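Colleague: I am new to reading protein models. Could you take me through this one?

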Amino acid sequence: MSNWSSVEISLEKATELKVELFTAALFEAGVAGTEQRGEGTEMLVIASFPPEIDRETIGETVQTCAVSTGLTIEKVQINEVEPIDWETHWRTHFHPLGFGKFWIVPSWLEAPPEAEQVLVVDPGMAFGTGRHETTSLCLRRIVEGTVPASVLDVGTGTAILAMAAIMNGATRVVGTDNDPDALVVARENAQRNGLSDQLELSGHDPDILQEQFELVVANILRDPLIHLAPKIVAATKQGGSVVLSGILERQVADVQAAYESCGLEYVEHAVEGEWARLEMRKK
């Protein structure tokens, strides 16, 4: 096997959101894993590039990703490292994650005794595992709230939210995502948990489904949430709820205004760290 490249990227004027967007851009460009060090506005991101990406391309890729997220790079250092066994690497960093009775557990570990509902999800290289605050906020709404019969999960990713809805009483669940790779991961997760027959997956926008749901969950980002507002509202039944996340607390007002303009009314919002979950209702 050829050697990998471990790239140390020193960032200036880095905010938590910008660093998250930067690492997401790196993943899309082919990075296999990242870790972050430092605090405040001085951050060090260490990215692992596979052997097929040469050093010249690495520098260009890092710079492009930084520019796209508004970050300034102080220094980039590229080191050659031995091939990485990612399965072993991931296993040192992940553990069962609980949300009351509902637990997300990697396949190589046992669920704790207090787990009443267990979802087996292994960490992927570019997909969520429930550890980010926005996913946590949505999971708590599903696990601790009332789940109606029909649920639409927009931007389903690993399908964690969709599968949690099934396990908490929903009988008609659809997950949509415009990323084909995400749909592959979602199908694998549904099969691993014996939920393939209960989860329908689609690459279409919500309005193309020509169906309405009692609960629509969308954990994406501010701009796509605003862009999709008319389509998400069209896919929501009268009296139904819309749960939105992937937004910072300071972005709640913008997203709320977009959905109010489409006829929804404010219900509540919750905050975890810098992130927020907004719930609206269709009048």
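Modeller: Some ground rules come before we start. This is a predicted model, where local features need pLDDT of at least 70, side-chain atom pairs count only at pLDDT 80 or more, and totals for chains, interfaces and linings use all residues. Residues are numbered from 1 along each chain as its sequence is written, and side-chain values use heavy atoms, with hydrogens and water left out.

Colleague: How are helices H4 and H5 oriented to each other?

Modeller: Helices (H or I, at least four residues) and strands (E, at least two) are DSSP runs, numbered from the N terminus. H4 covers residues 133–144 and H5 covers residues 160–167; their axes are 10 Å apart and the angle is about 15 degrees. Axes are lines fitted to C-alpha atoms, for helices over the stretch in contact, and angles run from 0 to 180 degrees between N-to-C directions. Angles under 35 degrees count as roughly parallel, over 145 as roughly antiparallel, 65 to 115 as roughly perpendicular and the rest as oblique, so H4 and H5 are roughly parallel.

Colleague: Which residues of H5 meet H4?

Modeller: Contact means heavy atoms within 4.5 Å. On the H4 side, the residues are Thr-135, Cys-138, Leu-139 and Ile-142. Their partners in H5 are Ile-160, Leu-161, Ala-164 and Ala-165.

Colleague: How many residues of that contact of H4 with H5 are nonpolar?

Modeller: Ala, Val, Leu, Ile, Met, Phe, Trp, Tyr, Cys and Pro count as nonpolar, Asp, Glu, Lys and Arg as charged, and the others, Gly among them, as polar. One residue of the contact of H4 with H5 is polar and none is charged. The nonpolar ones number seven.

Colleague: How many of the eight residues in H5 are buried?

Modeller: Buried means under 20% relative accessible area, exposed over 50%, and partly exposed in between (1.4 Å probe, protein chains only). The buried residues of H5 include Ala-162, Met-163 and Ile-166. H5 is mostly covered, and its buried residues number seven.

Colleague: How far is Leu-139 from Ile-160 in space?

Modeller: Leu-139 lies in H4. Leu-139 is buried, with a relative accessible area of 0%. Leu-139 and Ile-160 are 21 residues apart in sequence, yet from C-alpha to C-alpha they are apart by 8.3 Å.

Colleague: How are H1 and H2 oriented to each other?

Modeller: H1 spans residues 16–28 and H2 spans residues 55–68. Their axes are 9 Å apart, at an angle of about 140 degrees. H1 and H2 are therefore oblique.

Colleague: Which residues of H2 make the contact with H1?

Modeller: H1 brings Phe-22, Ala-25 and Leu-26. The contact of H1 with H2 has six nonpolar residues, one polar and no charged. The H2 side is made by Val-62, Cys-65, Ala-66 and Ser-68.

Colleague: How many disulfides does the structure hold?

Modeller: A disulfide here is a pair of cysteine sulfur atoms within 2.5 Å. Take Cys-262, which is partly exposed at 28% relative accessible area. The closest cysteine sulfur to that of Cys-262 is in Cys-138, 19 Å away, too far for a bond. The number of disulfides in the structure is zero.

Colleague: What is the phi of Ala-159?

Modeller: Most residues other than glycine have a negative phi. Ala-159 sits in the loop between strand S8 (150–154) and H5, and is buried at 0% relative accessible area. Ala-159 is not a glycine, but its phi is positive, about 70 degrees.

Colleague: Is Gln-210 buried or exposed?

Modeller: Gln-210 lies in the loop between strand S10 (199–202) and strand S11 (213–219). Its phi is also a positive value, near 50 degrees. With 76% relative accessibility, Gln-210 counts as exposed.

Colleague: How far apart are the C-alpha atoms of Gly-175 and Asp-153?

Modeller: Gly-175 is in strand S9 and is buried, at 0% relative accessible area. Leaving aside neighbours within four places in sequence, Gly-175 is in contact with residues including Asp-153, Thr-156 and Leu-199. Gly-175 and Asp-153 are 22 residues apart in sequence, but their C-alpha distance is 4.6 Å.
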